[in-house]
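Trainee: I would like to go through this model term by term. Please set each label against its definition.

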Amino acid sequence: MTHAWMPHSPCGAGCLDHSAPRVGAARAAFRLMAAATVMLAGLLVVACLLVLRGHARESLLRQWFRTLLRAFGARLRVHGAVRFQETEGRGVLVVSNHVSWLDELAIDGVQPIRLVAKKDIRDWPVLGWLVTAARTVYLDRERLSLLPGTVAELAGALRDGAAVGIHAEGTTWCGLASGGYRPALFQAALDAGVPVRPVVLRYRLGDGSPTTAPAFVGTDTLADSIRRVVRLRGLVVDVHVLDEIAPGRASTRRELAGLAQREAERVLHGALTRPHIDLTSTPVEVER
């Protein structure tokens, strides 16, 4: 069932970059096996999460997501702050664009947070269990009547000091094109009186050129998207962590969404450069 407010993206198969350099079939198969191994190890991670708390819990989850991202052949590079929470124990609403299923791995590879995701992800094999263990909040986009309850749940988590993440466009875009930020979930930040942290995800190849190959758009299936990703050579996920938008800078959720989108567009249009840290290299290198 759909409705007039259902997020819609015009991106489809025609947006995908099929000319990106690829690795051989053997390397792609190795990546698939490595990713499957890491995901199976995730079952042990889930068990550990039952007893771990605080920084130990966060550290384990963060490392697992980084390892899985690397197994799929992608490098994680962070620009700006290395965590989303500027002040320990103070809630923050992390708002990002949405391109791929890799987004969740990249975001949690920076700092595991409570993400809002479409309910379909809960049923993904193994990965869905891990995302759920990370206390993901599932959103049924087809039932608007449930939205106030979701906003209230997020506001409560923010008041309790959690970092909560939303994909502000409401659906996936190819990465070169992007959509308007939906204001509804921004209400949670206003109700909780916490800052908003804009985050921009960009996908590029080793030579620095942007690519749409990792995008999960249109009628693409998860299996097809995974096969396409593991064949890519030199994939880099750039996570731009922008400055917080302090409480009080906007009085309505629409105004707050507009502020966050304007900050994100500065990065999407290439107007902002920041120091970055490559989190999947050994050792970790900082470039300025």
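Trainee: What makes helix 3 largely enclosed by the rest of the structure?

Mentor: Nine of its nine residues are buried, so helix 3 counts as largely enclosed. Buried means under 20% relative accessible area, with exposed over 50% and partly exposed in between (1.4 Å probe, protein chains only). Among the buried residues of helix 3 are Leu-102, Asp-103, Glu-104 and Val-110. Helices here are DSSP runs of H or I with at least four residues, strands are runs of E with at least two, and both are numbered from the N terminus.

Trainee: What ground rules apply?

Mentor: This is a predicted model, where local features need pLDDT of at least 70, side-chain atom pairs count only at pLDDT 80 or more, and totals for chains, interfaces and linings use all residues. Residues are numbered from 1 along each chain as its sequence is written, and side-chain values use heavy atoms, leaving out hydrogens and water.

Trainee: Why is the pair of Phe-72 and Trp-101 called edge-to-face?

Mentor: Rings of Phe, Tyr and Trp (its six-membered ring) pair if their centres lie within 6.5 Å; planes under 30 degrees apart are stacked, over 60 edge-to-face, the rest tilted. The centres of Phe-72 and Trp-101 are 5.0 Å apart and the planes stand at 75°, so the pair is edge-to-face. This pair links distant parts of the chain, 29 residues apart. Phe-72 lies in the loop between helix 2 (54–71) and strand 1 (74–80), and Trp-101 in the loop between strand 2 and helix 3 (102–110). Both Phe-72 and Trp-101 are buried.

Trainee: How many aromatic pairs does the structure hold?

Mentor: Two. Trp-64 and Phe-65 also form an edge-to-face pair, at 5.0 Å centre to centre and 80° between the planes. Both Trp-64 and Phe-65 are buried.

Trainee: What makes strand 3 a partner of strand 5?

Mentor: Two strands pair if DSSP finds at least two bridges between them. Strand 3 and strand 5 (residues 163–167) have two bridges, in the parallel sense. Arg-114 is bridged to Val-164 in strand 5. Three bridges join strand 3 to strand 4 (residues 137–139), also parallel. There, Lys-118 has Leu-139 as its bridge partner. Four of the five residues of strand 3 (residues 114–118) are buried, so strand 3 is largely enclosed too.
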